[in-house]
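Dear colleague,

I am handing over the structure we spoke about, and it is shown just below.

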Amino acid sequence: MAPGKRGVIKQQLNINIVNIGYRGTSPGQVADPRELNFAGLRSELPSTYQTINRYPSFYGTPELTGNDFEFEYNMINANTSFENEFFAFLQASGKEQSIKQDGLTYLNLASAQYNCQSDVVKRLSITGEDTPVYACPVPATNIAREITGNFEVDGALVEQWLADNASKAGVDPTQHTVFLINWYGRPDFKFHSYSHERADSVETDTQNNFGARSSRRTVAWGGTPSADQTAAKRIWFYDQSANPDYWTNAWDVTNADLDGDQIYDKRMPPIWEYGTRKASAAYASNITADLGKVVRYVGINLLFTPSALYRVALTPPEMPEQIHLDLALGQGTEAAPASRVLQPQLIQDRVSVLNPFVQWSHSVRETPLSGDLAAAYRCFFPLPTDDACSPDYVDANGEQFFQLAQKEVRERAQLTPTQYNLATYLFNDGDPKTPNFGLLGQALDDGVTGTQTMTVNYLTPDLLDAGYGFTDTVVHESGHHLSQSHPHDGYDSERNEDYGPSGDTNFVNVGDEVHSVMSYNNLSKVFGQFNLDAQYRYLTTAYLTNSNAILTLTQNAAKVPEVSAAAQQADQAFTQSIAAYQARQYATAARLAHDGYRTVLTAARANGVNVEGYKWYNRVGQLSAAEVKPARAVNHMRPVQGPVQRPEETAAQRVKRLAP
């Protein structure tokens with residue numbers, strides 16, 4: 001501990017990269033585009049990472065969280081015995097799901113699209129089956145080879161097998177590990193993909209089975225949370241020999257622009273496309289370089305060491321000891337009853353893991369969606385070129401609501417001064433004319449400092465018909481409010497690059513193929529292991545930083561002798577916390593850091609030191625157009641220099657989320 005200093009923990013993080021099935025280049029030979037060269041892959045990877053608070057950084061200079069990493073890479077070629085055992089497991093665990101009928105082979109959506117190089121494929125719905133299948137009557141002539149089967153394996157089972165058998169490859173599965181898989185080229189190869197039809201892929205409120213959707217077949221998976229955080233497994237696998245996935249548009253090897261912005265979008269086609277002389281997106285590409293990009297931009301930046309979206313401290317320097325989920329439900333006429341689309345206790349149970357060291361509670365306030373509230377709600381959906389609700393303000397679609405909510409948040413905080421109210425607004429709209437087919441929610445900031453303020457969550461008849469309720473959306477948006485980013489957009493600290501799934505980093509949508517409620521594919525309903533690791537690291541340094549801030553307040557109040565013993569006790573707790581952190585016992589580290597922080601805060605207050613938390617609702621006035629930096633806000637997902645604010649989702653992402 002050091003008064004006034006930002007808490008910083010530097011950690012050397014061992015990253016295992018395991019090759020299962022890729023050939024290496026023999027000495028003296030010319031490298032084949034399909035061969036994996038570890039030296040070339042290493043050249044794509046970062047040496048360090050410094051996590052930032054992304055939205056606060058957008059409004060000023062980069063705001064570091066204090067979590068700094070140096071990477072040590074352990075690159076392993078799995079031996080023949082391990083490979084044979086692994087691929088035998090795949091064969092024994094999967095099932096052929098292609099269907100032959102009327103001379104056509106019906107596959108999953110992306111496989112049929114790959115064969116045709118078109119969205120126009122023939123759909124076949126089988127009675128008694130949840131998952132539709134598709135066929136390409138006439139395969140395109142520019143693909144390297146036609147996909148003729150779809151052998152499906154449960155992605156979670158593959159992750160579990162790799163965790164259980166990692167030691168056979170010389171890997172500690174509690175270390176962050178990427179398995180790079182290539183089945184192609186072996187005599188036992190099958191065209192395959194990874195399925196996710198499990199209980200966790202079923203929407204909580206509507207019971208819509210997103211895992212059964214053909215568009216949810218993946219090429220990657222990992223991050224399943226461990227029940228025992230002291231022995232947590234940290235594994236993510238990526239298989240470019242799998243049938244191309246719908247989620248990253250890997251099936252499209254023909255069109256340069258995938259999202260309609262007139263800019264080339266980088267994708268990672270199936271491995272058999274590499275080395276082709278045909279007119280393919282993989283022409284002149286090298287698998288080593290592409291795998292390096294996936295490991296860097298997805299595995300490390302988005303999953304293993306992601307930057308925080310918002311400050312985890314919430315109200316520095318006084319971090320909350322009580323967090324209350326304040327659920328304000330605006331119930332529209334003829335909308336689904338709240339009991340059908342909202343499960344408050346389950347939301348609390350799922351969100352509270354992001355800080356299990358404090359007290360949690362919740363309440364639901366239901367009011368009619370009418371009057372000023374309804375008028376403000378309608379401002380979230382103006383015409384794309386119009387802002388009739390708040391033309392004099394920067395916020396193009398929410399200032400009228402923001403000002404109403406700010407007043408209410410302030411009033412409710414005065415009634416409960418000892419707790420932090422996570423203001424959660426839910427608009428349950430029963431009007432079929434509401435022009436909102438897609439947007440589920442937003443986690444809003446104050447528009448000035450990048451401080452989180454509230455979440456807004458939407459449910460319309462169209463969204464309900466599409467299979468959505470409120471519960472999973474609120475968990476997702478609360479995750480944002482408490483610091484979590486999406487696994488498909490983030491920040492590269494060495495390159496000072498903010499990016500998402502478009503342009504040169506279009507392929508990072510594969511980050512959604514992970515166990516996380518922050519993903520857009522709806523295959524998980526809880527926070528995954530990578531979410532928990534990141535959150536507990538943020539909390540550890542935040543408790544240290546704010547303890548140091550309280551020590552400065554203690555010095556300013558001339559109360560150092562009175563607080564000295566407590567500070568020494570807290571310093572011991574932080575020493576133990578950092579030791580646990582270095583051992584990757586992040587939950588233990590955060591708990592000990594919380595203990596140290598509480599020791600300092602309690603002693604300071606007991607001796608008359610005034611410690612006051614930051615309250616955005618008392619500090620932020622009406623948002624003025626003169627206060628923002630428009631050039632730093634973007635309406636796309638392409639990579640740019642420096643932290644930016646992006647839309648909650650783009651039209652291209654919405655199409656994916658609603659896909660069959």
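On a 1 Å grid over the protein atoms alone, a pocket is an open set of points where a 1.4 Å probe fits, with protein on both sides within 12 Å along at least five of seven lines, and its lining residues have an atom within 4 Å of a point. Grid points are joined across faces, edges and corners, and a volume is the space filled by probe spheres set on the points.

This is a predicted model, in which local features need pLDDT of at least 70 and side-chain atom pairs count only at pLDDT 80 or more, while totals for chains, interfaces and linings use all residues. Residues are numbered from 1 along each chain as its sequence is written, and side-chain values use heavy atoms, with hydrogens and water left out.

The second largest pocket has a volume of about 500 Å³, and among the 30 residues that line it, T315, P417, Q419, Y420 and K615 lie nearest its centre. Two or more lining residues come from each of α10 (399–415), β16, β18, α15 (586–606) and α16 (616–619), where helices (H or I, at least four residues) and strands (E, at least two) are DSSP runs numbered from the N terminus.

Strand β16 (residues 420–428) is largely enclosed by the rest of the structure, because nine of its nine residues are buried, that is, under 20% relative accessible area with a 1.4 Å probe, protein chains only.

β16 belongs to an open sheet of five strands with mixed pairing, in the order β15-β14-β16-β18-β17; two strands pair if DSSP finds at least two bridges between them. β15 (359–368) and β17 (441–445) stand at the edges with a single partner strand each, so one side of each has no neighbour in the sheet.

Strand β14 (residues 322–331) runs parallel to β16 and is joined to it by nine bridges, and D326 has A423 of β16 as its bridge partner. On the β18 side (residues 452–459), six bridges join the two parallel strands.

Best regards

Definitions and conventions
Buried < 20%, exposed > 50% of the residue type's maximum accessible area, 1.4 Å probe, protein only.
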